[in-house]
Every structure is written in C-alpha cells, then in structure tokens.
Amino acid sequence: MKGFKHELSGAALGDARLTQRFISLVEQLAVNPDASLPESLPPADLEAAYRFVNNEKVTVDALLAPHAAETATRCAA
C-alpha cells in the first residue's frame, strides 16, 4: 500500500493547500479512528479542520473521487 498521500493527492479541491490539509487530516484521524475530532486534533488543527469541512470547494464527491479511482486501478490490476 502506498499510503494516504498517494491515495488522496488527486482530490480536485481547486487549491493545493486544501489537498494538503485533506491528507494531513486523514493522517491525523487515522491514528485513532474511533475518536472524535476534538479528541484527535490539537486546538489549532481542530479549527483548521472545521474551516476545511465548511469550505465550499470541499465536497463529498471531491474527497471520495481519488480513492475511488485508486480502488478501480487496483481492481483492474
């Protein structure tokens, strides 16, 4: 497995900083997937996470698309 960065770097969020924030959040949340956001993130990162999910460029489809594409590639291999 190549990791989160490879899997999610294709997210079409319109801004490389948003894509990097997405990857960073996934990495942080993966450490303890059962924990809530406040339990998983320090205060500054928690605020950044709330700004991220409230950004109009961030949609469920945009977040899932690169994962779906990588999954399809693995299935075809």
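This is a predicted model: local features need pLDDT of at least 70, side-chain atom pairs count only at pLDDT 80 or more; totals for chains, interfaces and linings use all residues.
**Entry 1: Terms and starting point**

**Entry 2: Salt bridges**

I recalled that side chains of opposite charge can pair when their charged atoms come close. How many salt bridges does the count come to? I found 3 salt bridges.

I looked up R17 again and found that its side chain meets that of D15 in a salt bridge, with 2.7 Å from N to O.

I then turned to D45 and R21, whose side chains form a salt bridge at 4.0 Å, N to O. This pair links distant parts of the chain, since D45 belongs to helix 4 and R21 to helix 2, 24 residues apart. I recorded D45 as partly exposed, because its relative accessible area is 21%. R21 is likewise partly exposed, at 28% relative accessibility.

I next examined E7 and R74, whose side chains meet in a salt bridge of 2.9 Å, N to O. Here too distant parts of the chain are linked: E7 is in helix 1 (residues 4-8) and R74 is in helix 5 (residues 60-76), 67 residues apart. Is E7 buried or exposed? I recorded E7 as buried, because its relative accessible area is 11%. R74, by contrast, counts as partly exposed, at 46% relative accessibility.

**Entry 3: The aromatic pair**

I searched the whole structure for aromatic pairs and found 1. F22 lies in helix 2 (residues 16-30) and F52 in helix 4 (residues 43-53), so the pair ties together parts that are 30 residues apart in sequence.

I checked the accessibility of each ring's residue. F22 has a relative accessible area of 8% and is therefore buried. F52 has a relative accessible area of 5%, so F52 is buried as well.

I listed the buried residues of helix 4 as L46, A48, A49 and F52. Why are they placed on the same side of helix 4? They cover an arc of only 160° around the axis, and therefore share one side of the helix. I noted that the buried residues of helix 4 pack against helix 2, helix 3 and helix 5.

Which exposed residues does the face turned away from the buried side carry? I found P43, A44 and R51 there.

I also looked up V53, which is placed in helix 4. V53 is exposed, because its relative accessible area is 52%. Together with L37 and Y50, V53 makes a nonpolar surface patch of about 240 Å².

**Entry 4: S40**

S40 counts as buried because its relative accessibility is 18%, and the limit for buried is under 20%. Which residues is S40 in contact with, leaving aside its neighbours within four places in sequence? I recorded L29, N32 and A35.

Notes
Residues are numbered from 1 along each chain as its sequence is written. Side-chain values use heavy atoms; hydrogens and water are left out. Buried means under 20% relative accessible area, exposed over 50%, partly exposed in between (1.4 Å probe, protein chains only). Contact means heavy atoms within 4.5 Å. Rings of Phe, Tyr and Trp (its six-membered ring) pair if their centres lie within 6.5 Å; planes under 30 degrees apart count as stacked, over 60 as edge-to-face and the rest as tilted. Helices (H or I, at least four residues) and strands (E, at least two) are DSSP runs, numbered from the N terminus. Patches are made of residues with over 30% relative accessible area and no salt bridge: like charges are joined within 9 Å, nonpolar side chains (Val, Leu, Ile, Met, Phe, Trp, Tyr) within 5 Å. Accessible areas come from the Shrake-Rupley method with a 1.4 Å probe; for residues, only the protein chains shown count as cover. The arc is that of the directions from the helix axis to the C-beta atoms.
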